[in-house]
Amino acid sequence: MRYFGSKVTANEVIYEIVKTHAGSGLVCDPFGGIGSVGTYLRSKGYNVWSGDLLTFAHYFQISKIKFPNEANFSTLFTKIGVNSLEGINSILNSVEPKNGWFVEEYSDRRGFFTRTNAMKIEACRELISGWTREGLLNADEKAMLLAGLISGMDNVANTAGTYYAYLKNWHRKALNPFRFNLVVPSARGGHGQCFHESADLLTARNRYNVLYLDPPYNERSYSRYYHLPETIAKCECPEVKGMSGIPVTGHVVSGYNSRASACESLYKMLSKAKFNTLLFHYTDNGLIKPKILIDILSEHGKMSTFTFDAKGYTTRTTATRTPHKIYVVQNV
Ligand SMILES: C[S@@+](CC[C@H](N)C(=O)[O-])C[C@H]1O[C@@H](n2cnc3c(N)ncnc32)[C@H](O)[C@@H]1O
């Protein structure tokens with residue numbers, strides 16, 4: 001799944017900087033998004049604690065970073081008569097399409113999905129909810145199935161990437177058939193833990209060898225841009241409004257999305273954070289101006305900066321190169 005602000009193209013640079021300061025140990029990625037950086041660092045042997053405020057991002061992190069041993073689907077396997085993850089994939093891919101809330105709101109009223117795909121997504125949603133209600137899934141298994149559903153849904157969404165709007169004409173990818181797509185880890189390495197909580201709490205939970213911070217840097221709220229994955233993750237059918245079909249209530253607010261509160265949010269978080277090395281990933285055009293950022297960060301240790309170009313994911317159609325800046329603060 002593509003994710004706004006994803007640092008997947010910067011993974012190697014981040015790893016090189018992390019390696020310079022800690023050859024092993026515990027890395028914390030509290031603004032982890034869908035887990036691109038945490039997954040990469042875990043594959044390189046680091047133990048990773050990852051977090052995010054959004055439920056669906058947390059579910060991707062569970063699938064990619066935690067690799068829960070508990071997620072052996074044993075109760076479900078017994079009940080539905082399969083014995084492999086492929087078996088679950090194939091049941092969810094052959095489910096009878098259904099009408100319902102999702103089809104009405106995101107296909108009939110708004111052109112996010114073809115009707116055929118929306119009906120398949122609705123059917124998968126209901127099947128996973130039913131398995132949950134019957135007690136056939138533990139929390140990690142439920143998270144993994146919902147991440148798989150969201151990943152498959154995102155592959156056929158008629159959008160430019162986020163759920164802020166749907167496209168006027170059918171995009172090629174939206175005409176492909178929906179496939180449930182279980183998100184599975186690509187490579188093991190260290191251990192992983194995932195937390196559905198604010199960065200304030202996670203950064204203060206432990207002392208980290210490396211604390212990697214990648215907060216939002218502008219006013220675009222992830223909760224609003226990714227409202228539909230979030231609704232699916234919460235297994236809800238809320239009242240929705242407008243062209244985007246965003247839920248009327250229940251948005252997660254982040255202090256980093258507002259010019260008025262971004263500096264204070266960072267200042268407060270760092271006053272309780274415990275780390276040996278801090279990497280702060282930001283851009284000079286962000287809500288916190290470079291001079292203020294340097295003042296805040298340099299209170300916590302010796303600081304250096306790295307600037308590099310990496311292809312960033314934006315909603316524009318032309319590839320853009322975003323100047324990335326990583327501030328490194330050494331606290332020991
Ligand atoms: C720039 S994105 C991170 C992208 C991620 N590094 C990647 O490569 O996919 C910022 C993330 O921070 C999350 N977020 C915003 N405010 C937060 C907060 N106060 N605590 C935890 N997560 C937060 C957003 O939901 C979003 O997923």
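Domain bounds here come from an automatic or database domain assignment. The model itself is predicted. With that in place, the chain can be read from its overall build down to single residues.

Start with the two parts. The assignment gives domain 1, residues 1-67 + 187-216 + 254-332, and domain 2, residues 73-184 + 218-253. Their centres, taken over C-alpha atoms, are separated by 27 Å. The contact takes 24 residues from domain 1 and 27 residues from domain 2.

Now the chain as a whole. The protein chain holds 13 helices and nine strands. Its C-alpha atoms fill a box of roughly 60 × 45 × 30 Å along the principal axes. For 332 residues, a compact globule would have a radius of gyration near 20 Å, and the protein chain agrees because its value is 20 Å. Buried residues make up 54% of the 332 residues. Contacts also reach across the sequence. Of those with a separation of 6 or more, 73% join residues 24 or more positions apart.

Where does the largest pocket lie? Both domain 1 and domain 2 give residues to its lining, so the largest pocket lies between them. About 600 Å³ of space lies inside this pocket. Its lining has 40 residues. Phe31, Asp52, Pro215, Pro216 and Ser254 lie nearest the centre of the pocket. By class, the lining has 17 nonpolar, 15 polar and eight charged residues.

Helix H2 (36-43), helix H9 (199-205), helix H10 (222-225) and helix H12 (262-272) each supply at least two residues. The largest share comes from H12, with three residues.

The buried residues are Ser36, Val37, Gly38, Thr39, Leu41 and Arg42. What covers them includes helix H1 (11-21), strand E1 (26-29), strand E2 (47-51), helix H3, strand E3 (192-195) and strand E4 (208-213). Just after H2 comes Gly45, with a positive phi of about 105°.

Gly32 is found in the loop between E1 and H2. Is Gly32 buried or exposed? Its relative accessibility is 10%, so Gly32 counts as buried, since buried means under 20%. Leaving out residues up to four places away in sequence, Gly32 touches Ser50, Gly51, Asp52 and Gln61. One of these, Asp52, is among the residues nearest the centre of the largest pocket. Leu127 gives a sense of distance. Gly32 and Leu127 are 95 residues apart in sequence, and their C-alpha atoms are 29 Å apart in space.

Next comes helix H6, residues 101-108. Six of its eight residues are buried, so H6 too is largely enclosed by the rest of the structure. Trp101, Phe102, Val103, Glu105, Tyr106 and Ser107 are the buried ones. What do the buried residues of H6 pack against? Their partners are helix H7 (115-133), helix H8 (139-155), helix H11 (227-233) and strand E5 (240-241).

Gly152 counts as buried because its relative accessibility is 1%. Apart from residues up to four places away in sequence, Gly152 touches Phe178, Arg179 and Asn181. Gly152 and Arg179 are 27 residues apart along the chain, yet 5.4 Å separate their C-alpha atoms.

Two loop residues close the tour, and neither is a glycine. Phe73 has a phi near 55°, a positive value. Phe73 is found in the loop between helix H3 (55-66) and helix H4 (74-80). With 1% relative accessibility, Phe73 counts as buried. Cys235 also has a positive phi, of about 55°. Cys235 lies in the loop between H11 and E5. What does Cys235 count as, at 31% relative accessibility? Cys235 counts as partly exposed, because that class lies between under 20% and over 50%.

Technical notes. Residues are numbered from 1 along each chain as its sequence is written. This is a predicted model: local features need pLDDT of at least 70, side-chain atom pairs count only at pLDDT 80 or more; totals for chains, interfaces and linings use all residues. Side-chain values use heavy atoms; hydrogens and water are left out. On a 1 Å grid over the protein atoms alone, a cavity is a set of points where a 1.4 Å probe fits but cannot get out, and a pocket is an open set with protein on both sides within 12 Å along at least five of seven lines; lining residues have an atom within 4 Å of a point. Grid points are joined across faces, edges and corners, and a volume is the space filled by probe spheres set on the points. Helices (H or I, at least four residues) and strands (E, at least two) are DSSP runs, numbered from the N terminus. Ala, Val, Leu, Ile, Met, Phe, Trp, Tyr, Cys and Pro count as nonpolar, Asp, Glu, Lys and Arg as charged, and the others, Gly among them, as polar. The radius of gyration is taken over C-alpha atoms; the globule rule is 2.2 Å times the number of residues to the power 0.38. Buried means under 20% relative accessible area, exposed over 50%, partly exposed in between (1.4 Å probe, protein chains only). Contact means heavy atoms within 4.5 Å.
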